[in-house]
Number of protein chains: 4
Amino acid sequence: MSSPSEQSPPSGFRQRLHEIIFEADTPAGKAFDVALLCAIILSVLTVLLESVPLLRDRFGAELRMVEWFFTGLFTVEYVLRLAAVLKPFRYARSFFGLVDLLALLPTYLSLLLPGAQSLLVVRVLRLLRVFRVLKLASFLGQAEILLTALRASRQKIIVFLCGVVSTVVIMGAVMYLVEGEKNGFDSIPRGMYWAVVTMTTVGFGDLTPKTVVGQFIASLLMIAGYGILAVPTGIVSVELAAAARRGAIDTQACPGCGVGGHDHDAAHCKHCGTALHPS
Amino acid sequence: MSSPSEQSPPSGFRQRLHEIIFEADTPAGKAFDVALLCAIILSVLTVLLESVPLLRDRFGAELRMVEWFFTGLFTVEYVLRLAAVLKPFRYARSFFGLVDLLALLPTYLSLLLPGAQSLLVVRVLRLLRVFRVLKLASFLGQAEILLTALRASRQKIIVFLCGVVSTVVIMGAVMYLVEGEKNGFDSIPRGMYWAVVTMTTVGFGDLTPKTVVGQFIASLLMIAGYGILAVPTGIVSVELAAAARRGAIDTQACPGCGVGGHDHDAAHCKHCGTALHPS
Amino acid sequence: MSSPSEQSPPSGFRQRLHEIIFEADTPAGKAFDVALLCAIILSVLTVLLESVPLLRDRFGAELRMVEWFFTGLFTVEYVLRLAAVLKPFRYARSFFGLVDLLALLPTYLSLLLPGAQSLLVVRVLRLLRVFRVLKLASFLGQAEILLTALRASRQKIIVFLCGVVSTVVIMGAVMYLVEGEKNGFDSIPRGMYWAVVTMTTVGFGDLTPKTVVGQFIASLLMIAGYGILAVPTGIVSVELAAAARRGAIDTQACPGCGVGGHDHDAAHCKHCGTALHPS
Amino acid sequence: MSSPSEQSPPSGFRQRLHEIIFEADTPAGKAFDVALLCAIILSVLTVLLESVPLLRDRFGAELRMVEWFFTGLFTVEYVLRLAAVLKPFRYARSFFGLVDLLALLPTYLSLLLPGAQSLLVVRVLRLLRVFRVLKLASFLGQAEILLTALRASRQKIIVFLCGVVSTVVIMGAVMYLVEGEKNGFDSIPRGMYWAVVTMTTVGFGDLTPKTVVGQFIASLLMIAGYGILAVPTGIVSVELAAAARRGAIDTQACPGCGVGGHDHDAAHCKHCGTALHPS
């Protein structure tokens with residue numbers, strides 16, 4: 001960490017800044033991250049509270065002030081981040097750089113466009129950075145497993161969604177024809193909205209079939225939705241199990257070729273045939 | 001692909017047509033499929049938009065024109081498909097042949113029966129053909145796994161549905177007796193509709209128990225529905241796991257010790273170390 | 001089947017009756033079962049239709065007649081069943097005997113108590129008998145697997161339900177205190193009904209929290225319900241997988257002691273140590 | 001159990017008390033536990049019934065009397081428990097000690113604060129003690145497996161909940177901007193409440209999107225919720241499977257070849273045939 005460019009003051013200063021802002025190994029870096037975490041949560045809470053009419057009427061000015069305070073703070077932090085890295089432009093275009101910028105803009109935008117500060121809730125995304133920086137290793141490992149499982153099931157999920165969308169379009173049209181405008185199904189897109197609400201078992205009830213035929217078709221759709229709901233669950237379960245299994249295997253490495261990922265009951269390396277140490 | 005009947009012009013023309021329309025190996029075939037994909041999506045969108053009262057009032061004539069344009073296009077395509085195959089009648093009776101025909105009829109039907117063009121959404125089914133023709137191999141493989149899993153659980157699902165239907169009939173009658181007409185349960189079929197809405201956890205709320213006894217019975221049904229909902233999910237999960245296992249492993253067997261169940265990337269048997277045949 | 005008591009006419013007649021009514025091996029027995037299946041479905045449909053006010057007003061007399069016709073038929077069948085078995089009283093007390101009787105009583109009861117014929121839907125339970133008699137072997141095997149899985153998870157499910165009931169009671173009381181009578185939560189049992197509707201994700205919407213605190217507590221309950229819903233699904237999935245695995249093992253039997261249920265990779269009987277035949 | 005301090009009368013009395021109240025091995029201890037179980041259930045039922053306006057008006061005095069009777073009973077029991085243990089303060093601070101105390105307070109509190117007796121439902125938690133004391137071994141084993149599974153998935157579930165909360169905050173703000181106050185989304189927290197109701201598929205319908213854009217965003221959220229709902233189920237399924245596997249197998253290892261993973265009913269090693277030690 002305390003490597004090369006210690007000689008030149010600006011570079012040394014930049015490195016120190018980098019250590020504090022981007023890393024969490026030093027006490028200063030850790031303190032910065034905890035403070036950042038609190039600031040983010042408080043600033044999001046401010047936005048939430050400001051949107052409540054009652055509170056806005058009574059504490060509007062104070063809440064706006066707090067908002068500007070946090071925006072100022074985060075602006076300084078953003079500038080410091082740009083200063084701390086060797087390639088500021090690359091940081092600015094990275095995922096976290098964009099999130100950091102997006103978390104600032106709405107307040108400035110609200111000068112021109114009242115109400116835009118509601119978009120400040122995008123700041124919750126900044127929490128992701130803190131997760132990463134705090135090096136919550138095992139938590140991240142778990143998130144990794146979840147993401148791996150979801151990525152592995154990506155194709156199955158796309159195929160599944162295509163099926164769902166087709167069903168939604170067709171059911172939306174059918175209900176539009178069967179129920180018609182007088183029962184609220186005044187267009188196919190409206191019928192599709194109803195089909196999504198029904199198939200996902202959300203069932204708001206703002207739009208419901210009134211005719212006997214419509215209720216019968218709806219019943220069939222709901223019972224089919226039963227089985228359909230099972231598919232993504234099954235997919236994710238299987239992939240999670242596979243990811244967990246892969247996680248369980250990880251520790252062994254072949255003494256011959258060094259390749260890992262062997263099954264628990266493997267006696268020989270599956271790549272080079274060298275005998276593995278018994279576990 | 002470029003086999004037998006190259007000599008006779010009509011047959012050569014038919015074969016060329018077949019290559020373009022039914023296959024996706026040549027650039028022309030690929031271009032045709034992409035164009036078809038776009039045309040289908042646009043034509044479905046037209047139908048959706050035409051069903052919105054506001055848009056129909058303003059752009060009705062234009063949208064109808066677009067619809068007739070696509071119907072004309074698909075009619076030409078249908079005739080070409082008939083011409084491109086050796087046994088047109090067999091194609092016409094196949095699943096895809098019927099879908100292609102059904103995707104045309106509603107527009108013509110709407111001349112006699114206004115409103116029938118809503119049935120045009122059946123065109124989304126035509127997308128299935130594009131999926132097949134574009135040879136999205138891995139996607140299709142995944143769809144295959146999903147279908148295999150569903151087919152393998154078919155019997156369990158039928159047994160399960162019989163149980164669900166019996167419960168629905170009995171609960172519908174019980175709620176009809178308990179709640180009665182004054183609370184909206186005006187017939188057993190209406191009660192069955194409510195039972196389906198409740199057991200599938202959709203819960204529209206258009207029909208709800210009002211009496212204490214009815215609410216108690218409904219509570220029992222909902223808690224039972226909890227466990228019941230678990231059954232199809234469990235079935236599909238298990239079958240998906242089995243399908244994935246079969247897909248991942250089944251084929252290899254060690255030439256040395258004959259033991260199977262090797263991973264796809266295994267070069268040596270994990271039990272005796274003998275080199276496996278490259279896959 | 002065509003064993004002992006062929007000599008005495010009454011006994012021979014009883015045996016013939018038994019073959020037709022209780023078994024499905026002979027053509028006559030099969031025909032009887034199919035006819036019974038149809039009669040049950042038609043009689044249940046009659047009950048459903050009779051409960052619809054519009055149809056009752058127009059075809060009330062006819063539907064009542066059909067109902068009496070089927071009740072008469074099933075009464076004759078019940079008497080024949082009693083005559084066909086050697087120990088009629090034991091049959092009458094068996095599960096199927098009771099169902100057969102319960103399927104008759106409501107019609108007779110409706111002479112004293114109008115409306116009681118709605119209970120006739122209990123006849124759907126009679127379909128279970130037909131399932132058994134038709135010897136739909138593989139279907140029954142699947143049902144067996146499902147039931148085994150549910151039975152094996154019985155204890156886990158009871159523990160789980162105890163947790164659910166405790167949560168429901170406590171949440172019902174909390175919402176009764178927080179929301180109070182003016183928002184519809186007019187007693188703890190009413191609050192419990194709401195908690196069940198919410199935790200099972202049914203969400204009718206006939207009773208919803210109106211206060212900010214109530215909506216916050218409800219949000220927590222719903223997110224917790226997310227995780228809770230996962231438990232029965234997980235339980236059933238695991239048990240189904242175990243049942244399927246057990247089903248997969250079934251075929252091997254030890255040449256030494258004849259005991260089955262060995263794993264696929266077993267080389268020696270786990271009970272007596274005899275070497276198994278390689279599969 | 002009947003160990004050391006038999007000589008001194010108070011200690012002998014205390015030990016006898018301990019045996020009856022805290023254990024379930026002696027007939028007296030068992031009888032005490034069953035009586036306690038009934039008393040708890042009856043006292044909870046009393047609280048439930050008292051909250052129903054109709055019953056409170058007619059039997060209010062009687063129900064209050066029953067409540068005081070049970071509170072008196074449980075107070076005596078609490079004092080006896082304090083007397084029966086060697087370190088009363090440690091018991092009073094333990095989980096069960098606190099629950100026992102909390103189950104008493106509301107009645108006394110209701111003298112100062114009418115209505116506080118609704119909190120008495122906290123008594124259902126006391127049932128947990130009875131479960132433990134009655135030594136329902138296999139039930140507890142199952143509960144243990146469930147808890148182990150949940151604890152093992154704790155990190156994954158926290159990561160998952162963070163994702164859910166972020167989505168809820170962002171969707172709440174988006175719907176607040178899109179739908180606005182006129183459609184009931186009068187603040188971001190209200191929008192978050194709606195997002196929770198929708199993502200968990202509860203769908204009360206007290207707050208629904210009215211604009212086309214809002215319904216479109218809601219549809220996307222619901223379809224995403226489909227996949228999201230699959231994650232906790234998958235997590236719990238995998239952990240339950242792992243817990244079951246560990247429970248079923250872990251302990252045995254062959255004395256001959258050292259290979260583990262034998263079934264519970266195995267008498268011989270399935271790999272080498274050596275007799276296993278009886279479990």
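Analyst: Start with a term: a salt bridge is a side-chain nitrogen of Lys or Arg within 4 Å of a carboxyl oxygen of Asp or Glu. Glu181(D) and Arg56(A) meet in one, at 3.8 Å from N to O. Glu181(D) sits in the loop between helix H9 (154-179) and helix H10 (188-199) of chain D, and Arg56(A) sits in helix H3 of chain A, so the pair joins two chains. Helices here are DSSP runs (H or I, at least four residues), numbered from the N terminus. Side chains of opposite charge can pair when their charged atoms come close.

A word on the source: this is a predicted model, where local features need pLDDT of at least 70, side-chain atom pairs count only at pLDDT 80 or more, and totals for chains, interfaces and linings use all residues. Residues are numbered from 1 along each chain as its sequence is written, chains are lettered from A and ligands numbered from 1 in the order in which they are written, and side-chain values use heavy atoms, with hydrogens and water left out.

Now the wider interface. Between chain A and chain D the count is one salt bridge. Over all chains, the count is 20 salt bridges.

How many residues touch? 44 residues of chain A are in contact with 42 residues of chain D, where contact means heavy atoms within 4.5 Å. The two chains bury about 3,600 Å² between them, 75% of it on carbon and sulfur atoms. Buried area is the accessible area (1.4 Å probe) that two parts lose on being put together, summed over both.

Only 16% of the interface residues of chain A are also interface residues in chain D, so the copies meet through different surfaces. How do the copies relate? Chain A can be laid on chain D with an RMSD of 0.1 Å, by a turn of 90° and a shift of 0.0 Å along the axis. The two copies are thus related as by a four-fold rotation axis. The superposition is by least squares, on the C-alpha atoms of residues with pLDDT of at least 70 in both.
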